[in-house]
Amino acid sequence: MDLRLMRHLWGVSESWEQAFPRFKAAGYHGIDALPPEPQDIARFRQLLKDYRFDYILQVLTTGATVEEHVASFRQQVEAGQVLEPLLIGCHSGRDAWSERESAEFFVQALAIEREIGIPVGHETHRGRILYNPWVTVLMLDRFPDLKLVGDFSHWTCVAERLLGDQADIIARCAERCLHIHARVGYEEGPQVPDPRAPEYRYCLEAFERWWDLVWDAQAARGLAVTTLTPEYGPPGYLHTLPYTRQPVADAGEISDWQAQREAARFAMRE
């Protein structure tokens, strides 16, 4: 199984023409991002081709009702097919929905996935259906074809703990993960100030144990390729100093560090 590192565009202010060669030099194999505006699709697609980058399409469903979220899902995945994504990662539905509403969304989303023929992973994300481990496992039980993008940083924030008491659920989710968003969270937030800091070593090691579970499960399924995005965000997610709003670290530097660390760890597994 090969590991392909994906780079997000969240907080990237420079042009794609400036950023893509830098990402290539840093060892990334592709881009994990929302699609560009329609007028920029041809340019974006050409740059993906020029740098031989894979692409993961991000989708954010919207609306007030299940039907509106389903309609936005269909519209976005159908429009995104022109970029030939390796897979699709979706922020799906709403956390406030009942189990019945959530199930109805997945019935229709899974049918659309079968139509388009591109794998879809529904992200474990705050504010969405899969915002905590317990709702997620209910949906996994109900839908054998449901797949995940594993971003467990949201769960440590929601549950206010590192989920050592939920190891069985993490292992079950690992079996359904298509893709990893490798951001280290902690008990009080979805992003530690700096994962390199010794005071957050215990968080880093916990997350790496979960990512290992995903890799083990993917290898057992016979996957040839696995993907990982070190998704550290800009200020807002990244901590800042009071009054000055000065970032306490560099999000791009942290993302690159996490990517290189996980690539080295993955290579040692072979």
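Trainee: Which residues does I31 touch, not counting residues up to four places away in sequence?
Mentor: Contact means heavy atoms within 4.5 Å, and I31 touches M6, R7, L9, F20, F23, F44, L48, F53, D54, Y55 and I56 once residues up to four places away in sequence are not counted. This is a predicted model, in which local features need pLDDT of at least 70 and side-chain atom pairs count only at pLDDT 80 or more, while totals for chains, interfaces and linings use all residues. Residues are numbered from 1 along each chain as its sequence is written, and side-chain values use heavy atoms, with hydrogens and water left out.

Trainee: Which residues touch the most other members of the largest nonpolar core?
Mentor: A nonpolar core is a set of buried Ala, Val, Leu, Ile, Met, Phe, Trp, Tyr and Cys residues joined through side-chain atoms within 4.5 Å, where buried means under 20% relative accessible area, exposed over 50% and partly exposed in between, with a 1.4 Å probe and protein chains only. The largest such core has 76 residues, of which F20, I31, F44 and F152 touch the most other members. Helix α8 (residues 201–220) gives the most to this core, with 8 residues.

Trainee: How should I describe two packed helices, and how are α1 and α2 oriented to each other?
Mentor: Two packed helices are described by the angle between their axes and the distance between the axes. Axes are lines fitted to C-alpha atoms, for helices over the stretch in contact, and angles run from 0 to 180 degrees between N-to-C directions. The axes of α1 (residues 16–25) and α2 (residues 41–50) come within 11 Å and cross at roughly 20 degrees, so these helices are roughly parallel to each other; angles under 35 degrees count as roughly parallel, over 145 as roughly antiparallel, 65 to 115 as roughly perpendicular and the rest as oblique. The contact is made by W16, E17 and F20 of α1 and R43, F44, L47 and L48 of α2.

Trainee: How are α8 and α9 oriented to each other?
Mentor: The axes of α8 and helix α9 (residues 251–269) come within 12 Å and cross at roughly 50 degrees, and these two helices are therefore oblique to each other. Among the residues making the contact are W211 and W215 of α8 and W257 and R261 of α9. By class, this contact has 5 nonpolar, 1 polar and 8 charged residues, with Ala, Val, Leu, Ile, Met, Phe, Trp, Tyr, Cys and Pro counted as nonpolar, Asp, Glu, Lys and Arg as charged, and the others, Gly among them, as polar.

Trainee: Where do R52 and L163 lie, and what is phi of each?
Mentor: Phi of R52 is near 55 degrees, a positive value in a residue other than glycine, and R52 lies in the loop between α2 and β3 (54–60), where this residue counts as exposed at 70% relative accessibility. Phi of L163 is near 65 degrees, likewise a positive value in a residue other than glycine; L163 lies in the loop between α6 (153–159) and α7 (167–174) and is buried, with a relative accessible area of 2%.

Note on methods: Helices (H or I, at least four residues) and strands (E, at least two) are DSSP runs, numbered from the N terminus.
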